[in-house]
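Work through these exercises with the sequence and the model side by side. Try each task before you read its solution.

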Amino acid sequence: MDNPVPPVSPRAADPRPRRRDRHGRGMRGPVAPPQVPLAASRAEVFADLVQDSVERLERRWPQLADIDFVILEVPRLELGRGGSWGDEAVPLGGTIAAHDGRPGRVVVYRRPVEIRTKGRDERAALVHEVVVEQVAELLGLTPETVDPRYGED
């Protein structure tokens, strides 16, 4: 005689939400709440440093509102120059002149600046120095004209 095996029905989902992970230590949460500086990424902190520097300069130079400030991770290697930096230092920033109705741009390279600095204060000073130098180049002025405190430690 054949005994038919009754079909197995799927287990019913548990109506209670899980309160602990499988090791019983509780659910994982964020390391720090969003309002704590630890929650900001390095890129966000760097963008804040650039923005602070730009705002400082815009008080003196209102025409900077017409310039785009861009942050890139690293500078692109120009293949037309032999494919390597050679003896040249890796740039910390650059400019792109206004053309075809596009505004001028100041570019700051995040990783080269971060590598050359040790702490937040040193990084903020170098970011401001790079922004001042690039704005000066774009406006055709000296860095000392753009920011009279340029070069002071």
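This is a predicted model: local features need pLDDT of at least 70, side-chain atom pairs count only at pLDDT 80 or more; totals for chains, interfaces and linings use all residues.

**Exercise 1. Two helices**

Step 1. Locate the helices. Helix α1 covers residues 42–58, and helix α3 covers residues 120–139.

Step 2. Take the angle. The two axes cross at roughly 50° and come within 9 Å.

Step 3. The crossing of α1 past α3 is right-handed.

Step 4. List who makes the contact. From α1 the residues include Phe 46, Leu 49, Ser 53, Arg 56 and Leu 57. From α3 they include Arg 120, Ala 124, Val 127, His 128 and Val 131.

Step 5. Sort by class. The contact has 11 nonpolar, two polar and three charged residues.

**Exercise 2. A histidine in α3**

Decide whether His 128 is buried or exposed, then find its partners.

*Solution.* Step 1. His 128 lies in α3.

Step 1. Apply the cut-off. Buried means under 20% relative accessible area. His 128 has 8%, so it is buried.

Step 2. Find its contacts. Setting aside residues up to four places away in sequence, His 128 touches Ser 53, Arg 56, Leu 57 and Asp 147.

Step 3. Look for a polar contact. The side chains of His 128 and Ser 53 make one, at 2.6 Å. Both residues also belong to the contact between α1 and α3.

**Exercise 3. An arginine in a loop**

Describe the setting of Arg 116 and name its contacts.

*Solution.* Step 1. Arg 116 sits in the loop between α2 (110–115) and α3.

Step 1. Check accessibility. The value is 41%, so Arg 116 counts as partly exposed.

Step 2. List contacts. Beyond its neighbours within four places in sequence, Arg 116 contacts Val 90, Leu 92, Glu 122 and Leu 126.

Step 3. Take one pair. Arg 116 and Leu 92 are 24 residues apart in sequence, with C-alpha atoms 9.6 Å apart.

**Exercise 4. A backbone angle**

*Solution.* Step 1. Asp 100 is in the loop between β2 (93–96) and β3 (105–109).

Step 1. Read the angle. Its phi is near 50°, a positive value in a residue other than glycine.

Step 2. Recall the general rule. Most residues other than glycine have a negative phi.

Step 3. Check accessibility. At 75%, Asp 100 counts as exposed.

Definitions and conventions:
Residues are numbered from 1 along each chain as its sequence is written. Side-chain values use heavy atoms; hydrogens and water are left out. Helices (H or I, at least four residues) and strands (E, at least two) are DSSP runs, numbered from the N terminus. Buried means under 20% relative accessible area, exposed over 50%, partly exposed in between (1.4 Å probe, protein chains only). A polar contact is a pair of N or O atoms within 3.5 Å; within protein, one must be able to donate a hydrogen and the other to accept it, and residues adjacent in sequence count only if both atoms are side-chain atoms. Contact means heavy atoms within 4.5 Å. Axes are lines fitted to C-alpha atoms, for helices over the stretch in contact, and angles run from 0 to 180 degrees between N-to-C directions. A crossing is left-handed if the near helix is turned anticlockwise from the far one by less than a right angle, and right-handed if clockwise. Ala, Val, Leu, Ile, Met, Phe, Trp, Tyr, Cys and Pro count as nonpolar, Asp, Glu, Lys and Arg as charged, and the others, Gly among them, as polar.
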